[in-house]
Each structure stands twice: as structure tokens, then as C-alpha cells.
Amino acid sequence: MINLTINGKSHPFGGDPEMPLLWALRDELDLKGTKFGCGIGTCGACTVHVDGEPKRACVTKVSDAAEGSITTVEGISTDGSHPVQQAWIELDVPQCGYCQGGQIMSACSLLEKKPQPTDADIDSAMNGVLCRCGTYPRIRAAIHHAAKAMQASK
Amino acid sequence: MTKTDPNRRSFLRLTALAGGGLMLGLYSKAKAQAPNRPARAPLAPSDFVTIASNGKVTIAACNPDVGQGVLTSLPMIVAEELDVDWKDVQIVRSGVGRKFGSQLTGGSTATPSNWEPLRRVGASARALLVSAAAQTWNVPVEECSTASGRVHHKASQRSLGYGELASKAASLPLPDASSLTLKDPKDYKIIGKSTIGVENLDIVTGKPIFGIDLALPGMLHAVFHKTPVMGGKVASANLDEVKAMKGVKHVFVIEGRPMPSTYPNYLFQDPGLETGIAIVADSWWAAQSARRKLVVEWEPGQWGTQDSAANVAKAEELSKLPPARNLRSEGDVEAAFAQSGAKVVEGAYHFPFIAHATMEPQTCTAHFKDGKAEIWSATQFPQPGLRAIAGLMSIPEENVTINMVRGGGGFGRRAYNDVMCEAVWISKAVGAPVKLVWTREDDIQHDYYRCGGFQYLKGAIDPNGKLIAWRDHFVGYGEGEAFAHDGGFSPSEFPAGFVPNFAVHSSVMPLGLKTGALRAPYSNSAAWVIQSFLDELAHAAGKDPVQFRLELLERTPSPSPQARGRGMDPARMRRAIELVAEKSGWGKRQLPKGTALGAAFHYSHGGYIAEVAEVTVAANKKVKVNKVWVVGDVGSHIVNPSGAENQVQGSVVDGLSELIQEITLREGRVVQTNYHNHPMLRMAQAPPIDVQFLASPNTPSGLGEPALPPILPAVCNAIFAVTGERIRTLPMTKQGFSFA
Ligand code: FES
Ligand code: FES
């Protein structure tokens, strides 16, 4: 039996250790905020944090995540109060919204490392996360917006 | 108790709710039916308003939302005329059925077709509440006013909340249509104010609101391994070996049922069911893992030798033969080409097939039980889906229930209910609720693709630099007079009517691939070809490309009724072009070496859109789009400016992606598989996009599509301005260009 630490809680996992973390989260642990987009690590819809680092859950085996501390979009805040989520709501970023969990996870990890990111920082941190609806201009604005809010609350 | 007023073309239905509320729906009567057309839904309500006795206002949205924002913008229209505060409104999704009328999401129709009716729904409800208050106080209706969900009587300083009045209002006669007064737009409090999406909070907190998130008790998970060639069959497969794998419950072949007809428009009515192998397991991962062990020998059938390179060669051949059909002819193009002093320009354009690749792959959850099908789907076309299922399963339409769920992108893909047919079929076969989830590979290889095509153009400029002749030989796919679905060309497309000698011809070749509507269907290729070739002609004329376009639009269009480029009003377009030129500093700014502007416009879906792109091209043909300016005239009001801007920016990003995408066929199979070989624009490649709207006294039109088409030619025209190289084949990578 593998033990997964997700959003600060421990979850016993009795399934196939080869299963990608994505499907373990979605179908075994009922955390559906992590999305399936490509299954080969090219779209970023499945981005989670493992020990604070962004990881593609579709190409990360459960056994490889067993040691780490996993955060999903549900772990950022369940009420949308995190400044990044707030910026996403206020600036009305989503269109279909399907990619936005992955966008938010990538943005959170960028802001963790660079609290005041430049546009170039945003380009390189966010380049792996596709938005088919083309909300990139708003994602960029929302990251700057969240950075300011986080700075102000310090 | 229900009341209707049958004396109008559209009518309202008022229902008293248990507990003292009211519910109001708007219906329009069935239009007279053409004898040979299938029966239409008899009623077309656009929305429902419910006011509970505690004052809670609920507005039901009837149109599917796949990211275009109608879940927010349509109820905004009702709430405005009802005169309630947006924060007090709750939005719910309606069901699906004939009684809900047309529920399609497509063609950028939601705003124009609902603008008038939804305002009337809101105003009717408001009128009922005002009457109820006036009767309660025994004062004339004219002395009452409304604000924020309350009726006020100023003189006596009394007021009552809508909730307190709802029960009485429900007992009153419906207001007469002619007595309704709609708000003066200057009093709008909701329409025209940026309003955030009603599901934003659920989206950013990862709530399970998408089709793929569905979970039912006892639900099994399915994958469906389909024939790689349209119409193929299974010759043999190692089903037993796959069945023995862990977690796998059922493995079986579904024999395909051919579509009723191959060309065109077959898809909305019946998407068909392709042959394939269903693998059903206790988890999706188990099903997909088992699929990897599947070994199938296919009988590819008649389309097994189809090849993209051969199609290109065939088009080239057809272009040299006399065209099969003349679609339009005015003046004498040949004489104009031969005119002395005429400058003749020729260009052969080729655009590829492309896939929708919605971010959420196709998925559907279905439960077939006791002759009834219940379905959870993000379909854009729920009612054709309902009919398709009734037909496929041979059950009455009343036995099909569709629950609308949020879709992770549509772009036209979810107009086709193939995944719904598959899910229901599989559920019936295994006798359990089933969630079918396609892989990205399934999604890219089994699409209803934007159809590819070829256009062979020839134009002539007279010695004064005036465009005097235009000939277009469109070589596409189809059979006889029929083009492949959404793969044709309109003979009244601009510049039809604006050029004295004008001809459009077509020829077709067969195609064994499903094609369909992709965001701004037809326009997304037509605008690229026409606005690129216009640019070629402007340069040949030695004129500024914007000036050349404006001069062309100054002409009085030829008088024939359909002459004016698909009904386009040139004055509206000129205003958009002039403003975008001004905003972008066209002809006014000193640009660094290697950087230039390109312009284009296109009229579609009722929208007049002009765009300018500033582009830098490096020596290695790396293209960087620095900035894009969009000016759109979509009528008198922008219902939700935030959503509108998002749609326009998304359209531009989407159009940029189309410059680098293609689907090709080898041995009848689609070659591309996933986002690495059918790419999407990425963050670092997305330019800032400036969006301006020009108001005009016209009914508001939709914005899901029209801002897409002009961006492709605008960028290609800028690339030409920098490099002198004309992009006549897409994707632009074919000519060595790529995004930096
Ligand atoms: S689903 Fe994991 S990167 Fe696309
Ligand atoms: S919002 Fe639809 S994919 Fe990003």
C-alpha cells in the first residue's frame, strides 16, 4: 500500500503503482481539479506541485510521487481566497476554464520563486501550459495583479 | 396554473410556483415548415425567470456554454430589463428538449437571436410585478417605478420587494406585447458592464463541473479504439487477451453504421457510428492500459489509400482543367486580363485540414436502461444529439434525457455528437452507466476537420491602379455539386459585387474524411486567401494596402441583390478599417528594420472586423507578432465587455495557431496525434491584443467567431512587407516560417 500526501492529508492508495498520478487523483481520490489534456506532458493541464515544484501528473507515476508532498488546485484554497485565484476571478481570466487549474498551479509556483515576475519570467514559466481558448493576455495580467496583491499583503 | 397569450408570434407562459413565487418563460411559435424539411422544435423559449417568494431570482440558461460565456451574458440581458441587481441573480442550466426550442451553440448566434426576446422576458416580468404592486396599493401603474428588485411608489414612499409581489403577479394577465416598454439604454446598469463569468469560482477552485468530471454510482469507464480509416472494419483482434487484463470488464467490437449520406450536412442529423473496439473497465486507466495491448488488423475499405500529397497533386491537375462549375460571373474577366496596360497577378493558395483539439478531449457519460437513455454531455448541439440517439437506439425522443454540462472548449467540435452515440451504445451493451473519455490521440485523429482546399486566383489592375478583374477557381472536396461539409466556397464572398469583371468557379475531388465547422467556419480560410491576394494586388498597383482596401470599399456595389459580399455594408467596414489604421499608427510610425505592419478585414457572423498586426521577422524566418489591434463593429451594444474582449483576444490567439497547424493523411489515416505535432500557440508567442468596439445602430451580433479570420492574412501580409515573400501555403512552416 502506497501512502500519498495530498494537500496536507494522507491518502492510502491501493491501486497500480504504475498509474499516472493524474488518474489516481481524478478517479481514485476524487480530486477532479487536475485535468487530462494530452497525457504526454505537452499541455500542462495536469500540473500539480510535488514538494513545491510543478510536475505533469499525467507522466508522473504514483510510485514516484509517493515520497513527496503533493498539492493540487484544490489545495491552493477551496474557497478561492488565494490571491492568484482572486486575480483569476476578478480579471475574468477563464473562457472554457479547462486549462486554468494548470495555469494557476504554474503561476503559484512562479510567484513562489519570483514574487515580482517580469513578462519574460512569465513567458518562460507559463510557456508549457496551453490555453486552447487563448486567455494568455489575461493570464499575464492576472499574474502581475496577484504579484501586487501578495506584495501588498506582506 | 399556467397562462399563455397565444395571439403573438412569441408568447410568454406564466406559472405560479408552490410557495408563492412566479415563473415566466418565453416561447416562440413554430415557423411554418417547408414540406421537405424535418420537423422543427415547436417552441423556442430563450430563457426562464423564476422569482421565489423570498425574492430570490433564478434565471435558467438554455444554451450550452463551452467557454463563449453565454451562461453569463444571456441572463444579464434578462436581469437588466427585470431591473434586479446582478448579485441577487442565480443562474442555472435548463434541461434539453423540444420545449426549450433552439439550444444550439454555434454561428455566433446567441446574442443576436436572444437580444430582443430576452429583453422582452425581463420587461414582461417587471411589468407583472409593477401591476401587482399598483393593485396592492390601489395606485396607477404609471406612478410606480422599479429598482434593484423592488417596486416603489414615490408619492406615498412605499415599496415592495419582487418576492413579496411574485405570488400576486403570477395571478395577473400577461402584459400585452405592445404595452411593454423596454429600458432606455442610457439607464442600463448591467448590459454594457463587465461582468465576470458565473462559474469562475468553481473553475479556479477545481470543482468537478466539466463533462470529464462526471461520476455516477456504479459507473464503468470506457475507451473506444476506432478504425483509423473512415469506414474501416475489424478483420481480427486479440480481444480475449485484452479481456483478461486487470480491471477490464468488457471488450467488444461495435460494427459501424454508415452515415446516411456522405455529403454534406449529414453530420448534424446523424454523426454515424464508426467501427471500433470498446474496452470497458473499472477505471479509465485500466481501460487505456488494456488498450495498449490491443492488436487489431483492420480492413481499411475504400479510403485506405488516401494520401495528402496525392490530393495536392490532384488539385494542381484540376486547376489546369476547365472548372466543373461556374458559381458566379459578371462582366468579362478574360477580356479584362487581356486589356492593354492591365497588370495581371496570379496566386495559388492552399490551406490544410486542421483539427479542433478542444482542451478537454471528447467525452460523454451515458446510462441506457429499460429503453431509456440518460446522457451527460457538453454538446453544442443538444437537440440534434437527442434526435440522433433516438434514431440510433430506436427509442422515442421522450426516452432520451440530456443533461448539459460545461464543456472544455467547443469551437464547433461539440456540434458533432459522435461521442454521445458511442457512449450510449456502449452503456446499453454493458448494462451499466458508462463514462467514455477519448485520449488526445483519439481526439486529433477522429475529428470533423476544418476542410482543406485550394484557390487559384487571378486579378488585374488597370494603369490607374484600380482593381478591374478577379477570377477565383476554388478546388475543394466533394462530389458532383456537393462540397464536403463546411468545405465549400461562397460565390458572394467579398470582393463579389465590388469588381466589375468577376468570376468564381469550382471543382471538387473525393474525400474520405469527416469535415465540419471550426470556429468561423469557411471564413477562417476564405479571409486568409482573399485578404492575402488583395494585398498582392495592392502591391502590384503600387498602393498602400489600407488605402487600396478603402478605395475598393468606396465603390458602389453592383446592384444584384446578393452582390454586396455576403450582405456586407461597406460603410461599416470602412469605419472599422479607418479606426484600426489610426490605432495602430498605420503609415505614421517609424518601425525598426525587420518589422512591419499588415492589415486585413473580414465580415462574418454579422460582425465587421479589421485587424492590424505588427510583426518582426528574423533572418532565420522566426516570426514574432509584437502586437495586434482589433476594431470591431458588432452593433449597438456589447452585452458583457469583459467576455467580449476575452472572446476577441482568444479568436486572435486561435487564428495565430492556425498558421502553424495541419492535418495530413497517409494510407487513409490521420498522421498527427497530439499537441506536439498539431501545435497550439504558447504564452511566449501570444502578443498583446488591443480591442476596440465601434458602436453602430444595429442589433448586437455575436463575437465567438468573427475576430478570428482577419488575423491570419494580417500576419501574412506583415510578413510579406518585411521579407517580400508571400505565404500562399499554410501552415507557414511549409515556407520555412515559424513562431519565435
Ligand atoms: S495532460 Fe499532462 S501535460 Fe497534458
Ligand atoms: S480557458 Fe479554455 S483552454 Fe484555457
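# Exercises on aromatic pairs, strands and a helix

In chain B, ring pairs link Tyr349(B), Trp470(B), Trp528(B) and Phe533(B) into a cluster. This is a predicted model, in which local features need pLDDT of at least 70, side-chain atom pairs count only at pLDDT 80 or more, and totals for chains, interfaces and linings use all residues. Residues are numbered from 1 along each chain as its sequence is written, chains are lettered from A and ligands numbered from 1 in the order in which they are written, and side-chain values use heavy atoms, with hydrogens and water left out.

**Exercise 1.** Classify the aromatic pair of Tyr349(B) and Phe533(B), and locate both residues.

*Solution.* 
Step 1. Rings of Phe, Tyr and Trp (its six-membered ring) pair if their centres lie within 6.5 Å; planes under 30 degrees apart count as stacked, over 60 as edge-to-face and the rest as tilted. The structure holds 15 aromatic pairs over all chains.
Step 2. For Tyr349(B) and Phe533(B), the centres are 6.4 Å apart and the planes stand at 85 degrees, so the pair is edge-to-face.
Step 3. Helices (H or I, at least four residues) and strands (E, at least two) are DSSP runs, numbered from the N terminus. Tyr349(B) belongs to strand S16 (residues 343-351) and Phe533(B) to helix H13 (residues 523-540), 184 residues apart, and the pair thus links distant parts of the chain.
Step 4. Buried means under 20% relative accessible area, exposed over 50%, and partly exposed in between (1.4 Å probe, protein chains only). Tyr349(B) counts as buried because its relative accessibility is 1%, and Phe533(B) is buried at 0%.

**Exercise 2.** Classify the aromatic pair of Phe353(B) and Tyr477(B), and state whether each residue is buried or exposed.

*Solution.* 
Step 1. The centres of Phe353(B) and Tyr477(B) are 5.1 Å apart, with 50 degrees between the planes, and the pair is tilted.
Step 2. Phe353(B) lies in the loop between S16 and strand S17 (363-369) of chain B, whereas Tyr477(B) lies in strand S22 (residues 467-479), 124 residues apart.
Step 3. Phe353(B) is buried because its relative accessibility is 6%; Tyr477(B) is buried at 3%.

**Exercise 3.** Identify the strands that are joined to S17(B) by bridges.

*Solution.* 
Step 1. Two strands pair if DSSP finds at least two bridges between them.
Step 2. Four bridges join S17(B) to strand S20 (residues 434-437) of chain B, in an antiparallel arrangement; here Ala366(B) stands opposite Val434(B).
Step 3. Five bridges join S17(B) to strand S18 (residues 372-377) of chain B, also running antiparallel, and Phe368(B) has Ala373(B) as its bridge partner.
Step 4. S17(B) and S18(B) form a hairpin with two residues between them, and Asp370(B) in the turn has a positive phi of about 50 degrees.
Step 5. Five of the seven residues of S17(B) are buried, and the strand is mostly covered.
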